[in-house]
Amino acid sequence: MSGRIFAIFYALFIWFGTAQIGYWLNKLSRHVWPAVLSGIFCAVMGALPFAGLYMPVSGYARSRMIAVSNQWLAFFLPMTGLMLAAFILRRIRKHRTGYLYEPKASSCAVLLIVSCSFCGLADLYGACNAHTLHLTEYDIDLSESSKVHGQEKIVLLSDLHLGVNGSEKQLKETVDMVNAQNPDLIVCTGDFFNNSYDGIPDPDTQSAILAGMTARDGKYAVYGNHDVDEPLLCGVSMAVQEPERPKEMEQFLQNSGFTMLEDETVTVGDLQITGRKDEMHPGGDGTRLGAHALLRQTEADRPDIVLQHEPDEFDTLAEAGADLVLAGHTHGGQIFPGKYFSAMAHENVYGLKKLHGIDTIVTSGAGYYGAPVRIGSISEIVVINLTY
């Protein structure tokens with residue numbers, strides 16, 4: 001869907017939700033002013049994403065507007081869904097009885113109280129859940145396919161999405177939890193940023209916080225599809241050309257102590273770590289290597305761990321000789337029922353799965369995208385106890 005078409009759908013969505021909430025408020029109060037005030041409020045909040053896109057403000061101010069609109073949309077979206085259900089039920093009743101049901105004030109009160117309570121509680125739970133960091137641990141044994149043997153404790157991070165809704169406090173908690181594991185190796189599968197470097201309130205401080213995350217064998221990472229500078233409207237790209245990655249993003253990660261792998265392999269002790277360019281936004285160059293070309297130079301006797309942002313091409317990677325594939329991107333669905341929609345596009349949406357004869361791990365990530373809400377998923381860091 002093009003950006004312009006989505007913008008039209010978004011505007012219609014805001015209009016419908018605002019009109020329906022105003023209708024029920026008007027029926028409840030028998031006065032116009034509650035509906036007018038709610039309409040003005042919803043219109044202003046609905047316009048914030050557009051303001052974030054087009055107003056000549058600083059990157060930080062823009063990110064704050066987007067953050068506020070994201071939080072509001074987390075409430076407004078399910079609220080509008082309930083309003084839509086009520087609208088459809090009224091139309092069905094008209095079709096069956098020949099007249100359109102006009103609700104009494106008591107019915108309006110019940111609908112609005114139940115709807116607001118449900119959406120508010122869901123939003124509150126989702127926000128608390130999104131800001132609660134979990135530790136997920138997996139044991140992986142690659143000893144049968146390796147001629148060198150040992151053990152490695154790996155911490156897997158992904159989808160920090162710094163900026164917009166991210167907080168310095170949660171980043172510190174993430175780093176502290178990682179360091180508490182005393183890992184041998186740290187890897188990250190992309191989406192450090194949220195489509196904007198300027199949206200990070202204090203990049204030097206946050207870079208220094210990440211630099212404090214240490215491991216004996218170093219920190220390696222790949223870029224994700226959001227590690228570019230790209231205008232977004234509710235998560236949909238409004239860019240008219242292929243987005244580019246600002247040099248500031250690259251410098252930020254260098255200062256953070258990460259070695260970025262772009263279609264290349266490094267040997268870390270007895271392990272081979274292969275990092276892939278992202279399929280969607282590889283910085284605008286479009287030169288991502290195929291799995292066979294990428295893994296052609298690796299040694300078959302040593303375990304090969306592939307880092308990639310999106311959980312795809314597991315079958316091709318298995319044929320090319322990968323032993324373990326680590327990915328992120330899906331956020332574990334983030335908000336129910338997102339996991340089931342993601343499952344239509346990916347063989348592994350979340351967790352550890354044996355696919356095509358190799359182990360694959362997809363993490364839900366330590367951060368979140370869009371609304372700072374998680375329902376049916378968790379914010380996590382992953383510990384992999386690897387035996388080879």
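# Exercises on a predicted model

At a relative accessibility of 23%, Ile 66 counts as partly exposed, because this class lies between buried, under 20% relative accessible area, and exposed, over 50% (1.4 Å probe, protein chains only). The structure is a predicted model, in which local features need pLDDT of at least 70 and side-chain atom pairs count only at pLDDT 80 or more, while totals for chains, interfaces and linings use all residues. Residues are numbered from 1 along each chain as its sequence is written, and side-chain values use heavy atoms, with hydrogens and water left out.

## Exercise 1: Backbone exceptions

Task: Describe the peptide bond from Phe 336 to Pro 337, and the phi values of Asp 191 and Asp 263.

Solution. Step 1: Most residues other than glycine have a negative phi, and most peptide bonds are trans.
Step 1: The bond from Phe 336 to Pro 337 is cis, with omega near 5°. Pro 337 sits in the loop between strand S11 (324–327) and helix H10 (338–342).
Step 2: Asp 191 is not a glycine, yet its phi is positive, about 60°. Asp 191 lies in the loop that runs between strand S3 (185–188) and helix H6 (203–211), and is buried at a relative accessible area of 1%.
Step 3: Asp 263 also has a positive phi, near 55°. The loop that holds Asp 263 is the one between strand S7 (259–260) and strand S8 (264–268); Asp 263 is buried, with a relative accessible area of 13%.

## Exercise 2: A pair of helices

Task: How do the axes of H5 and H6 cross, and which residues make the contact?

Solution. Step 1: The axes of helix H5 (residues 168–180) and H6 come within 9 Å and cross at roughly 15°. Axes are lines fitted to C-alpha atoms, for helices over the stretch in contact, and angles run from 0 to 180 degrees between N-to-C directions.
Step 1: H5 is therefore roughly parallel to H6, since angles under 35 degrees count as roughly parallel, over 145 as roughly antiparallel, 65 to 115 as roughly perpendicular and the rest as oblique.
Step 2: H5 contributes Glu 168, Leu 171, Lys 172 and Val 175 to the contact, and H6 contributes Thr 205, Gln 206, Ile 209 and Leu 210.
Step 3: These residues of the contact of H5 with H6 divide into four nonpolar, two polar and two charged. Nonpolar covers Ala, Val, Leu, Ile, Met, Phe, Trp, Tyr, Cys and Pro; charged covers Asp, Glu, Lys and Arg; the others, Gly among them, are polar.

## Exercise 3: Strands around S3

Task: Which strands pair with S2 and S3, and in what sense?

Solution. Step 1: Strands of a sheet pair through backbone hydrogen bonds, either parallel or antiparallel. Two strands pair if DSSP finds at least two bridges between them.
Step 1: Strand S2 (residues 151–157) pairs with S3 in the parallel sense over four bridges. Leu 157 stands opposite Cys 188, and Ile 154 opposite Leu 185.
Step 2: S3 also pairs with strand S4 (residues 219–221), in the parallel sense over three bridges. Here Val 187 faces Tyr 220 of S4.
Step 3: S2 and strand S14 (residues 379–387) run antiparallel and are joined by six bridges. Ile 384 in S14 is the bridge partner of Ile 154.
Step 4: In a regular strand the side chains alternate between the two faces of the sheet. In S3, Leu 185 and Val 187 point one way, Ile 186 and Cys 188 the other, and all are buried.

Definitions and conventions. Helix = DSSP H or I, 4+ residues; strand = E, 2+ residues; numbered from the N terminus. Contact = heavy atoms within 4.5 Å.
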